[in-house]
Amino acid sequence: MSLSSALSIAQSALMSTARQTSVVTRNVSDASNPDYTRRIAVVTSTAPGARSVDIQRVANDLLFRQNLSALSAYSGQNALYSGMDQLDVSVNGVDNASSPSTAIANLQQALQLYATSPSNQNLGSSVIDAAKQVVRSLNEGSKAIQDFRTQTDGQIDTAVKDLNSLLGQFQNANQAVISGTRSGTDVSDALDQRDALLKKIADYVPISTFTRGDNDMVITTGDGTTLFETIPRTVSFTPSAGYAAGASGNTIYIDNVPVSAGSGGNTTASGKLAGLLQLRDGVASTMQSQLDETARGLITAFAETAPSMPNAAGLFTWSGAPAVPAAGTLVNGLAGTISINAAMNPSTGGNPTLLRDGGANGAAYVANTSGGASYSSLLVTYGDRLDQPMTFDPAAGISATSSVSNYAANSIGWLQAMRQQASTAADAKEALAQRGSEALSNATGVNVDQEMSLMLDLEHTYQASARMMKTVDDMLTALLNAVG
């Protein structure tokens with residue numbers, strides 16, 4: 001081997017080692033970056049004594065796809081559970097302190113006390129005060145639900161805008177990958193950026209991807225709707241300024257295809273958008289229907305009756321008074337408009353004794369015809385009605401036959417059972433997402449100990465190449481001295 005060949009080999013070795021060292025250094029510096037994929041420097045012999053170094057990403061497509069799926073599932077589940085937690089406190093208060101069920105139980109107690117001493121007008125006023133609390137809990141609960149729906153609508157609008165922004169960023173990253181692939185330059189950083197954006201997109205909608213020529217990527221949703229192909233597809237949504245009971249929310253469209261809401265406590269929603277839709281149009285709307293049915297049941301239970309006369313709204317009244325709402329038929333928004341009959345309300349000049357005697361709707365409805373101060377039959381009847389089965393609209397999601405007091409309690413039970421399912425599922429899906437992320441990191445992430453060991457090997461290689469160059473230099477010096 002000539003000295004020039006030896007020098008060329010040593011130089012090539014030094015250059016290769018320097019390139020490998022820079023790759024290891026980059027790996028170590030980005031070891032804590034969850035969106036960084038480890039690089040390896042592959043040394044290839046191109047000619048006797050010549051080497052080239054190619055930079056390759058350590059990717060695992062199967063684990064990456066599983067990670068995207070797990071992220072979407074957890075995002076949808078977490079959106080549902082977090083929203084239900086907020087909704088529960090807004091409507092029922094901490095430990096159900098301000099729930100209609102608690103208020104109805106207090107009303108029953110006040111009614112029983114009044115029935116034991118019907119001549120005590122203070123006890124009569126206490127019943128009216130308890131009834132006011134029932135009305136307040138229903139009115140405020142209804143408002144809280146519709147405010148929650150409006151707030152959720154705003155979150156959907158923000159999420160759609162964020163998703164469109166991410167798709168725009170993805171277009172730039174994808175174009176960088178395509179351009180780099182065509183020119184033969186290293187596209188590792190662009191691929192990392194593209195994968196990081198895919199994780200963020202999967203937070204909003206479930207996605208699948210496939211790669212075409214020049215590393216060009218296409219994104220579809222879980223149901224096959226195209227989300228990105230060369231350019232982003234439009235994700236559109238029109239928010240509502242406010243909501244009324246029974247009003248449906250606007251739909252999210254991806255490339256003119258509607259996004260479906262999730263269902264169930266262990267929700268079928270995959271991605272934040274589907275979870276928010278389920279909250280707005282599923283959970284919140286069902287809770288509103290249950291409040292409306294509770295209000296209808298109260299109006300029915302306290303309705304005044306009379307021979308040959310239609311039942312008329314008594315203690316609790318509504319916009320359709322004096323008529324009583326039809327049995328077993330949901331009246332949207334009733335919980336928001338139910339009120340105390342002015343004829344019995346001292347605050348509006350009414351007389352609480354009308355609850356004991358009857359007659360808020362005229363003389364034909366007077367039950368205590370003798371005017372006895374100890375008359376309690378009507379009060380007992382009202383108390384019994386609160387515990388007697390009546391028909392409720394099955395569209396509200398709980399038992400169609402129940403007493404008013406049990407129905408209000410069942411409404412809380414329905415929400416708590418669904419929250420428990422959502423909580424358990426959220427924990428499970430979070431664990432799955434974490435394990436998927438860890439498996440992907442173990443396969444494609446940076447192990448600093450491994451990199452430092454490799455750096456030590458490269459240092460030895462560098463030292464050997466340097467010694468070889470020193471030897472060649474010494475031999476050339478000796479040769480020149482001999483010639484001189």
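I looked for aromatic clusters and noted that Phe302, Phe316 and Tyr382 form one. I am reading a predicted model here. My search of the whole structure turned up 4 aromatic pairs.

I then checked the pair of Phe302 and Phe316: the ring centres are 5.3 Å apart and the planes stand at 75°, so I wrote it down as edge-to-face, the angle being over 60 degrees. Phe302 sits in the loop between helix 6 (272–301) and strand 10 (304–306), while Phe316 belongs to strand 12 (residues 316–317), so this pair ties together parts 14 residues apart in sequence. Are these two residues buried or exposed? I found both Phe302 and Phe316 buried.

Next I turned to Phe392 and Tyr407, a stacked pair with 4.0 Å from centre to centre and 15° between the planes. Phe392 lies in the loop between strand 14 (390–391) and strand 15 (401–402), and Tyr407 in helix 10 (residues 404–444); the pair links distant parts of the chain, 15 residues apart. I noted Phe392 and Tyr407 as buried, too.

The largest pocket came out at a volume of about 830 Å³. I listed 45 lining residues, and the closest to the pocket centre are Thr37, Arg57, Ala59, Phe64 and Asp195. Which elements give two or more residues to this lining? I jotted down strand 2 (50–57), helix 2 (61–92), helix 5 (188–202), strand 3 (207–211) and helix 10. Helix 5 provides the largest share, 7 residues. By residue type, I sorted the lining into 17 nonpolar, 19 polar and 9 charged.

How values were computed:
Residues numbered from 1 in each chain as written. Predicted model: local features only at pLDDT ≥ 70, side-chain atom pairs only at ≥ 80, totals over all residues. Heavy atoms only, no water. Phe/Tyr/Trp six-rings, centres within 6.5 Å; stacked < 30°, edge-to-face > 60°. Helix = DSSP H or I, 4+ residues; strand = E, 2+ residues; numbered from the N terminus. Buried < 20%, exposed > 50% of the residue type's maximum accessible area, 1.4 Å probe, protein only. 1 Å grid on protein atoms, 1.4 Å probe; cavity = no way out; pocket = protein on both sides within 12 Å on 5 of 7 lines; lining within 4 Å. Points joined across faces, edges and corners; volume = space filled by probe spheres on them. Nonpolar A, V, L, I, M, F, W, Y, C, P; charged D, E, K, R; others polar.
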